[in-house]
Amino acid sequence: APAAPAAPRAPPARALDAAQAPPRTAARDREDGSPSMARRVEPESFLPAKNAAADDSALLDGLVDDHVSTMSRLAGRLKHVRIVRASWANQNQKRALEQLAELRDPDSAADVLNVLALKTSLWTLDAACAVAPTLEDLFATGRENLVLCACTVTSLLVRLYGGIVISNVQSPPQRGATDLSREERYEKCEVLRHFFTTTRTLALSQHKSTSSKIASSFRRLTGLLEDFAAL
């Protein structure tokens, strides 16, 4: 029997023109269907910036400078505290507090006074007079920790010697009297009276301080110093 004629072949598919080709998507970029990176990531992208080493070096230099400066200040404070303590150990408390004022180191002064504020038995009228200039310096700094220290010590002195100061100032020794001890006590009380009255004026002006702790301490101190308003 004659062979059946072969089926006609389909015409070869023509390649799609670029304009007709479907747009490429991230899913079509890889055969497994996972999305590819939108752009190539270079290894240098994971390395620190070229100037990072210089920045680190500058940071370390700054930390070292701060450390050296801090250690120098602490060494100075320790030296000053030792000077004051040496005089105190020789039973010369008044001289020790006078040296504290002469050093003009508010931080060292606060270190010493914060300890003395806890030991009322160590205070005398002479010590109170000797420490008044130092307290004035602490108030003048405006630094919160130093001002609070000055408020604490001043409040203590008012409670210890406020009544003595008022009674002596209101009854000065008579002229021509030979009671030297009373005259000396009166002079010391005058020193404290002046300190208390000037501190009261300062406290009244600082009621609206930016620091709530300072403002609160000054308000309490003003109440303690109310009796010195008329002196």
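## Pocket lining

By class, the lining of the largest pocket holds 7 nonpolar, no polar and 3 charged residues, where Ala, Val, Leu, Ile, Met, Phe, Trp, Tyr, Cys and Pro count as nonpolar, Asp, Glu, Lys and Arg as charged, and the others, Gly among them, as polar. The lining includes Trp88, Arg85, Asp111 and Lys119. Helix H1 (52-89) and helix H3 (106-116) are the elements that give two or more residues to this lining.

## Basis of the model

This is a predicted model, in which local features need pLDDT of at least 70 and side-chain atom pairs count only at pLDDT 80 or more, while totals for chains, interfaces and linings use all residues. Residues are numbered from 1 along each chain as its sequence is written, and side-chain values use heavy atoms, with hydrogens and water left out.

## Overall fold

The protein chain has 7 helices and 0 strands, these being DSSP runs (helices H or I, at least four residues; strands E, at least two) numbered from the N terminus. Of its 231 residues, 29% are buried, meaning under 20% relative accessible area with a 1.4 Å probe, protein chains only. Among contacts (heavy atoms within 4.5 Å) between residues at least 6 apart in sequence, 62% join residues at least 24 apart.

## Leu135

Leu135 is found in helix H4 (residues 125-141) and counts as buried because its relative accessibility is 0%. Not counting residues up to four places away in sequence, Leu135 touches Leu113, Ala150, Val153, Thr154, Leu157 and Phe195.

Conventions:
Buried means under 20% relative accessible area, exposed over 50%, partly exposed in between (1.4 Å probe, protein chains only). On a 1 Å grid over the protein atoms alone, a cavity is a set of points where a 1.4 Å probe fits but cannot get out, and a pocket is an open set with protein on both sides within 12 Å along at least five of seven lines; lining residues have an atom within 4 Å of a point.
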